[in-house]
Every structure is written in C-alpha cells, then in structure tokens.
Amino acid sequence: MPHSVQAVVARSVGEPVTVETIEVPDPGPGEVLVDVKACGVCHTDLHYREGAINDEFPFLLGHEAAGIVSEVGPDVDQVSVGDFVILNWRAVCGQCRSCQRGRPWYCFATHNAVQKMTLDGEDLSPALGIGAFAEKTLVAAGQATKVDEAAPAEVAGLIGCGVMAGLGAAMNTGNVGRGDSVAVFGCGGVGDAAVAGSHLAGAHTIVAVDIDDRKLEMAREFGATHTVNSANEDPVEAIRAVTGGNGVDVAIEAVGLPTTYEQAFNARDLAGTVVLVGVPNPEARLDLPMIEVFGRGGSLKSSWYGDCLPSRDFPMLIDLYLQGRLDLDRFVSETIGLDQVEEAFHRMERGEVLRSVVVL
Ligand SMILES: NC(=O)c1ccc[n+]([C@@H]2O[C@H](COP(=O)([O-])OP(=O)(O)OC[C@H]3O[C@@H](n4cnc5c(N)ncnc54)[C@H](O)[C@@H]3O)[C@@H](O)[C@H]2O)c1
Ligand SMILES: [Zn+2]
Ligand SMILES: [Zn+2]
C-alpha cells in the first residue's frame with residue numbers, strides 16, 4: 001500500500017515551495033523506505049528551486065537527512081528495519097568503469113530508487129535522488145548508510161551532504177595535510193566544513209574568506225586562523241600577506257561564482273591546488289590567463305560530495321563526532337518544521353544561518 005505523507009515540493013522556477021501530500025510506494029527490489037527524522041536545508045535545494053540544476057519540476061526537495069529504515073524491499077541485505085541511517089547520493093554501482101578501476105568515489109552510475117514518488121499522479125524528481133523534506137522517502141538500499149544511533153538525527157543528517165562536501169573537499173579532494181596552508185572562499189555550511197576538515201587534517205594556516213562578518217566569526221570557531229572580508233579588502237593580497245607573499249597550498253571555492261573561483265586561482269601558491277565545491281550556474285563562464293594555468297603548475301580540481309565513499313566516511317565521521325573531535329552541533333543554527341523551508345531559504349540568503357534543519 002502506498003503511503004500518503006507530507007512533503008516539501010517546488011512546482012516551478014522561483015515559486016515559493018509548498019507542503020503537499022505525496023504518495024510514496026512500498027519498497028521494491030533493492031529499495032528501502034525511510035522514516036525521515038531530520039533533513040538540513042542545503043543551498044543546492046535552493047538551486048533546484050531556482051531552476052539552476054535542471055528543469056525537471058516538480059521537485060521533491062531535501063537531501064541532507066537521517067532517519068530510520070521502516071521497510072525493506074526484496075533482495076536488500078545492506079540494512080534492516082530499525083537501522084539508524086544517513087541518506088547519501090552516492091550509492092556506488094560496483095560495475096561502471098570508475099568502480100572497476102577501484103575508484104568508487106567517482107562512480108559514474110550511482111543507484112537511486114527505481115519507483116517514483118508522486119504528487120497528484122505526476123512523477124516527482126527527488127533532489128539528488130533523495131527527496132527528504134518528507135515524512136517518508138524511498139531510496140535505493142545503498143543510499144542508506146547505517147551509523148551509530150547515539151548521534152542525534154539533526155546532526156547526523158548534515159553528513160549526508162553539505163558537511164561531507166566541505167570536509168571531503170579539504171581532506172579527500174584537496175588532500176590537505178599537516179602543515180598545509182588553506183584558504184576557503186564562502187563560509188556557509190559547506191565552506192565551514194572545509195575549514196573544520198582542514199583543521200582536523202592539521203593545516204597550520206586556514207584563511208576564511210566571506211563577504212559577511214557573521215560568517216567569518218563562525219569560521220573562526222571551526223578553526224580559521226585568519227579571516228578576510230572580501231567586500232572590504234582584496235582577498236588575494238590578504239592571503240599572500242599571511243603566507244609570506246606566496247599564497248596557499250590549497251584554495252577551496254565554496255560559493256560557485258566565477259569571481260570567487262578566480263580569487264581562489266590567484267590565491268594559491270606555485271604547485272598549489274584549487275578545489276571547486278560551490279555549484280555554478282549553467283551560464284557561468286571562466287576567463288583565466290592560460291599561461292598562469294600552465295605556469296603555476298599544480299592542479300585545478302572539482303569536488304563532488306567531497307569525493308566521499310559513504311560506507312567508509314559516514315560511520316567514521318559520526319564516530320569522530322561522538323568522540324568530541326568533530327564539532328557538528330555548531331552547524332545546526334535552528335531546527336524547524338516542514339512548513340518553514342521557504343523561510344529557511346530566505347534566512348540562508350540573508351546569511352543568518354549555517355544550517356536550518358527540518359526535524360520530523
Ligand atoms: N560540490 C558538492 O558536492 C556540493 C554539496 C553541497 C553544496 N554545494 C554547493 O556549495 C555552495 C555553498 O553551499 P552552502 O550550503 O554552504 O551555502 P550558503 O549559502 O550557506 O553559503 C554560501 C556562503 O558564501 C558567501 N558568499 C556569497 N558570495 C560571496 C562572495 N562573492 N565572496 C565570498 N563569499 C561569498 C555567503 O556569505 C555564504 O556565507 C553552494 O553552491 C552549494 O550548492 C556543493
Ligand atoms: Zn560505479
Ligand atoms: Zn546539499
């Protein structure tokens with residue numbers, strides 16, 4: 001029997017989201033049904049609402065979630081009913097050419113639920129194949145990663161997207177290590193996680209760049225050693241000034257704009273690494289001096305989901321949290337109801353929050 005549940009839907013470009021009653025099917029082969037307990041509001045949800053990802057409206061938003069498995073379909077052996085899980089958007093296939101080469105974190109054919117959740121008979125497009133601003137959601141079994149249930153859901157869910165993306169941009173993609181210097185452009189939930197990841201990895205200089213002083217204060221709490229308000233001063237010069245005139249080993253862009261990308265590009269040391277984690281608009285273009293791309297050496301990388309492997313990284317990060325070594329509580333600015341997601345988007349745009357988290 002399909003389940004009728006409350007969920008947050010974006011019906012068309014730029015329109016405020018609404019709470020609707022949607023239909024969620026019982027799990028089929030390889031699928032699981034999850035009672036969502038908490039789901040963070042990520043900027044990517046707003047990108048979907050703005051039509052910046054694709055135009056497959058209506059979207060079922062929400063993708064940064066934790067919950068309890070309530071039903072499993074046939075052929076599911078990874079998780080069982082009652083398991084506390086974080087949902088992920090990288091259920092690796094094990095078959096594609098990247099998985100076959102031993103690089104599953106780049107999997108090119110990740111799994112999502114096969115059956116559709118619907119609104120008035122119309123198929124919904126779940127954000128990042130999850131759709132968790134909902135009382136129940138249907139995912140592929142590999143999208144549910146079991147973690148220690150001692151972690152509160154509103155904290156655990158954040159590992160499912162933004163925090164993982166930022167931590168992994170620093171620790172996996174940027175390969176930040178002991179003694180490195182790092183700059184992070186954009187100190188929202190994702191950027192601050194990159195600051196926290198750099199701190200955890202042993203970076204000795206961490207420069208946080210944002211245009212909002214409140215965000216810079218928060219970045220300090222996550223381990224930034226220096227802060228730059230780039231609305232008031234040139235971040236490239238400021239970063240050179242605190243790195244002996246050289247620039248940083250790793251420059252992480254967590255906004256998704258050409259301007260901040262160029263700043264990151266120019267703020268890195270010779271042979272340094274630029275990591276793009278912010279999601280650009282489809283129209284955005286870069287204009288870089290090619291001689292600098294060549295002459296400075298190093299690498300320009302993109303980071304999807306922090307190049308994480310959920311089965312490896314989620315339980316480890318939750319354990320670090322439970323040991324008091326990774327402060328995830330600080331990311332939760334407020335907890336809200338399903339009917340407050342639209343207001344949470346505005347609070348995000350006004351820079352008032354790191355993460356608003358829907359609790360159910
Ligand atoms: N690559 C991935 O896997 C992945 C995963 C999650 C989110 N993201 C993307 O990461 C980006 C950040 O997400 P978030 O949830 O932290 O968003 P957010 O809105 O909470 O944070 C963005 C931050 O950038 C700052 N900012 C805006 N313009 C700036 C500028 N010109 N210079 C410096 N700082 C500026 C804002 O003040 C804010 O603090 C988004 O583009 C989001 O879609 C990517
Ligand atoms: Zn694969
Ligand atoms: Zn996200």
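User: What makes a residue count as buried or exposed here?

Analyst: A residue is buried if 20 or more other C-beta atoms lie within 10 Å of its own, and exposed if 12 or fewer do. The model is predicted. G337 counts as exposed because it has 11 C-beta neighbours inside 10 Å.

User: Where is G337 found, and how many residues in sequence separate G337 from F133?

Analyst: G337 is in the loop between β18 and α11. G337 and F133 lie 204 residues apart in sequence, and their C-alpha atoms are 9.5 Å apart in space.

User: What do β18 and α11 make together with β19?

Analyst: Strand β18, helix α11 (residues 341-349) and strand β19 form a right-handed β-α-β unit.

User: How do I read strand pairing around β19?

Analyst: Strands of a sheet pair through backbone hydrogen bonds, and the pairing is either parallel or antiparallel. Strand β18 (residues 332-336) pairs with β19 in the parallel sense over four bridges, and within this pairing E334 has S356 as its bridge partner. Strand β3 (residues 31-40) pairs with β19 in the antiparallel sense over three bridges. There, V358 is the bridge partner of C39.

User: Why is β19 described as largely enclosed by the rest of the structure?

Analyst: Four of the five residues of β19 (residues 355-359) are buried, so the strand is largely enclosed.

User: How should I read the two faces of a strand, taking β10 as the case?

Analyst: In a regular strand the side chains alternate between the two faces of the sheet. For β10, K136, L138 and A140 lie on one side and T137 and V139 on the other, and all of them are buried, which leaves both faces covered. Five of the five residues of β10 (residues 136-140) are buried, so this strand is largely enclosed by the rest of the structure.

User: Which way does β10 run relative to β3?

Analyst: β3 and β10 run antiparallel and are joined by five bridges. The bridge partner of V32 in β10 is V139.

User: What is the strand order of the open six-stranded sheet?

Analyst: The order is β14-β13-β12-β15-β16-β17, with parallel pairing. β14 (226-229) and β17 (299-302) are at the edges with a single partner strand each, so one side of each has no neighbour in the sheet. From one strand to the next, the twist averages 15°. Within the sheet, β12 and β13 (residues 205-210) run parallel and are joined by five bridges, with V207 as the bridge partner of A183.

User: Which strands of the sheet does α8 touch?

Analyst: Helix α8 packs on the sheet and touches β12, β15 and β16, and its direction makes about 150° with that of β16. The buried residues of α8 (residues 258-266) are T260, Y261, Q263, A264, F265 and N266. Those buried residues pack against β12 (181-185), α7 (235-241), β15 (248-253) and β16 (268-276).

User: How do I read the packing of two helices?

Analyst: Two packed helices are described by the angle between their axes and the distance between the axes. Helix α4 (residues 162-173) and helix α5 (residues 189-201) pack at an angle of about 45°, with axes 7 Å apart. That angle makes α4 oblique to α5. The crossing of α4 past α5 is right-handed. Among the residues that meet are G162, A165, G166 and A169 in α4, and G189, A193, A196 and G197 in α5.

User: Which backbone geometries deserve a second look?

Analyst: Most residues other than glycine have a negative phi, and most peptide bonds are trans. L128 is not a glycine, yet it has a positive phi of about 50°. A271, also not a glycine, has a positive phi of about 65°. The peptide bond from F57 to P58 is cis, with omega near -5°, and P58 is in the loop between α1 (43-49) and β4 (59-60).

User: Where are L128 and A271 placed, and is each buried or exposed?

Analyst: L128 is in the loop between β9 (125-126) and β10. With 26 other C-beta atoms within 10 Å, L128 is buried. A271 is in strand β16, and with 10 C-beta neighbours inside 10 Å it counts as exposed.

Key. Residues are numbered from 1 along each chain as its sequence is written. Chains are lettered from A and ligands numbered from 1 in the order in which they are written. This is a predicted model: local features need pLDDT of at least 70, side-chain atom pairs count only at pLDDT 80 or more; totals for chains, interfaces and linings use all residues. Two strands pair if DSSP finds at least two bridges between them. A crossover is right-handed if, with the strands pointing away from the viewer, the path from the first strand over the helix to the second runs clockwise. Axes are lines fitted to C-alpha atoms, for helices over the stretch in contact, and angles run from 0 to 180 degrees between N-to-C directions. Angles under 35 degrees count as roughly parallel, over 145 as roughly antiparallel, 65 to 115 as roughly perpendicular and the rest as oblique. A crossing is left-handed if the near helix is turned anticlockwise from the far one by less than a right angle, and right-handed if clockwise. Two residues are in contact if their C-beta atoms, placed from the backbone, lie within 7 Å.
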